[in-house]
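Try each task before you read its solution.

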Amino acid sequence: MNKRGVRWLYAELPGLVSKGVLSRESAASLREHYGELPSSVGRGAAVIVLAVFGALLIGLGVILVFAHNWQDLSRPTRVVLSLAPLILAQCLGGWVLLRASGSTAWKEGSATAIMLAVAAAISLVAQTYNISGDLPAFILTWMLLSLPLVYLFNASTPAALYLAGIAAWTGNVMHEGSQKLCFWALLILFIPHYATAMIRDAGGFRATALSWALLACMSVATGLSIEGVMPGIWIVVYASLMTSIYLVGTLWFDDAPSAWRRPFQTIGQRGIVVLSFILTFREPWRHIGWHYYGARGYQTTFGAAADYAMTISLTILAVSLLLRCVRNGKTTSLFLGVMPALAIVGYAASSAFEDGSLAMILFNVYVLIMSVAAIVGGIQHERLGLLNSGMLLLAALITARFFDSDVSMLTRGVVFILLGIGFLGANIWMLRRKAAAKEPEQ
Amino acid sequence: MKKPWLMALFLVLAVGQIAAPVSMIVQREQVLKDGRLYKFPSQPIDPVDVFRGRYVALSLRAAQEVYSTPAWNWEDRTAYARIKVDEAGFAHFDNLTSAPPPSGDYVKARVHYGSLVLPFSRYYMNEKLAPKAESEYWKHMGRRGSGQIESYAAVRVLRGNAVLEDLYIGGKPVAEFLDELPKSP
């Protein structure tokens, strides 16, 4: 039972005992069974969030005020003003480490303030001296000067900003040879902080928020770090990445109570669905494979080797996770878990025949089965959300194929009307069924 | 981690964080103090940069002149551009080399799309003044650029490092030029 449910039950217990519904012993054994409620983290989390937002707002405010660029100030004054926010934030950080090291709110807030002040100082000095600047170098310097804050303050907001920063850096250097591969080295620097949070409390707020940030960062930056000497290799990479994320969630975080608490499943599952849907179109399968090897001019051999290493290791990871799921009896994960196999078959077929038709058909059938399975599952388990997701996916698939092919306006119109009726009918039917199921209880 | 260690590490980090902007300041101050002054003919275009407020982006004639030398061979590479001064006193680049030239001043720059990405292509101004500088420049130049107004970037150069000291329009520093314009009602 989730925490909210347990809290509700504990609030009900005295009333139930006094009315004689439950004996004192039963109430005590229920308490023993569910254990102590963890102290309310809600207020603590709110204070931390407010402290972080406060620091963010003040930091951004300082940047904007100084960016106004007072023409009348002399250069030395501007230099002092550029460094002042950083020194003030560092003094605050020092005080927090000495006097308030037990307060998460102070640590998160002051570390975030220092991180923003570093960016402000570098930018404002650049402005004072009219330095045109090099955006990737600026981001990288900023991130490397800020990362130690994550460990010294055990602060996760700078860690999340760091992830966003290294993803942005990768995007900025993606056409600059193999240096984009440093993304993975930069990512490793974040891992000890994440691992510590996971070991302390894998289901806690900090670990969950960091998981979201990590998965979002990886979902974006993996694609940016691909060299693409073998065109279309991203299809296999992303299929394996999303499947691995989904299967990690299925294996180790299946008991989490809500979608927010299950970042691995939430991102992995949606990633698989969206990617599969994209692969129902012809465009991703055009001009890919070994016939077009090195078709773009700027790639390096080292980058190509890194691409292959990434593709092979992610595929092996996805397959081994899938086998583990099967061994653990989680066979339902097989359906989404086979996606990399389909991607590899589609990729090989498109490359060999220089025609994406087979791959397209494969993914159209896959998404069709996916949507029907969701609709059937939604009806069987009376889950309106799942039913609607399935119908939405089916509608998207049909709509997409309409625009691909030469279907007459009349046919399109009729099918859309039928889809609409289906949507409304299924929802009304489901709601009635739920209402009918509730009545006998009352 | 024990507190004294934590504080020591924090101090090291704090010094490192301050050292990054301070090293930028020291290097630029040295160029401004000891560097030789060059005038690079320019025309302003005004964009916005979230971090750095508004600035006037300079379209420097010298940056495109390297077309005459085979700049495409240098695409996306670092090059050393040697400075020469013409009869009118304006600076241009006459040669690109892979190493600093043995004599004369030069600027270290990257070649991108056949022109030089120079380290002095932005002049930072107040967000009201930057677009005004651009519009006044074009007002004087006329729509087709047939008018006559001199605009140049005053740049100090020392051992390949260049710092933009001021932007001149009509022979005056841009702030002074804008100050002297008749005030609009």
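**Exercise 1. Find out how far along the sequence the contacts of chain B reach, and what chain B is built from.**

Step 1. Take the contacts in chain B between residues at least 6 apart in sequence: 61% of them join residues at least 24 apart. Keep in mind that this is a predicted model.

Step 2. Now look at the elements: chain B has 11 strands and four helices.

Step 3. Of the 185 residues in chain B, 46% are buried. The chain exposes about 10,100 Å², with carbon and sulfur atoms supplying 54% of that area.

**Exercise 2. Go through the steps again for chain A.**

Step 1. Picture the outline. The C-alpha atoms of chain A fill a box of roughly 80 × 75 × 45 Å along the principal axes.

Step 2. Turn to burial and contacts. Buried residues account for 45% of the 442 residues in chain A. Among its contacts between residues at least 6 apart in sequence, 72% link residues at least 24 apart.

Step 3. Finish with the surface. Chain A exposes about 22,100 Å², and 68% of it comes from carbon and sulfur atoms. As for charge, chain A carries 30 positive and 21 negative side chains, and the centres of the two sets lie 6 Å apart.

**Exercise 3. Which residues form a nonpolar patch on the surface of chain A?**

Step 1. Pick out A:Leu410, A:Val414, A:Ile417, A:Leu418 and A:Ile421, which together have about 530 Å² of accessible area.

Step 2. Zoom in on one of them: A:Ile421 lies in helix α18, which covers residues 409-441 of chain A.

Step 3. A:Ile421 counts as exposed because its relative accessible area is 53%, and the cut-off for exposed is over 50%.

**Exercise 4. Is A:Asn130 buried or exposed, and what about B:Arg159?**

Step 1. Start with the backbone. A:Asn130 isn't a glycine, yet it has a positive phi of about 50°. B:Arg159 isn't a glycine either, and its phi is positive at about 45°.

Step 2. Locate each residue. A:Asn130 sits in the loop between α5 (104-128) and α6 (135-152) of chain A. For B:Arg159, look in the loop between β9 (151-158) and β10 (161-169) of chain B.

Step 3. Compare accessibility with the cut-offs. A:Asn130 has 5% relative accessibility, so it counts as buried; the limit is under 20%. B:Arg159, with a relative accessible area of 57%, is exposed.

How values were computed. Residues are numbered from 1 along each chain as its sequence is written. Chains are lettered from A and ligands numbered from 1 in the order in which they are written. This is a predicted model: local features need pLDDT of at least 70, side-chain atom pairs count only at pLDDT 80 or more; totals for chains, interfaces and linings use all residues. Side-chain values use heavy atoms; hydrogens and water are left out. Buried means under 20% relative accessible area, exposed over 50%, partly exposed in between (1.4 Å probe, protein chains only). Contact means heavy atoms within 4.5 Å. Accessible areas come from the Shrake-Rupley method with a 1.4 Å probe; for residues, only the protein chains shown count as cover. Lys and Arg count as positive and Asp and Glu as negative; His and the chain ends are not counted. The place of a charge is taken as NZ of Lys, CZ of Arg, CG of Asp or CD of Glu. Patches are made of residues with over 30% relative accessible area and no salt bridge: like charges are joined within 9 Å, nonpolar side chains (Val, Leu, Ile, Met, Phe, Trp, Tyr) within 5 Å. A salt bridge is a side-chain nitrogen of Lys or Arg within 4 Å of a carboxyl oxygen of Asp or Glu. Helices (H or I, at least four residues) and strands (E, at least two) are DSSP runs, numbered from the N terminus.
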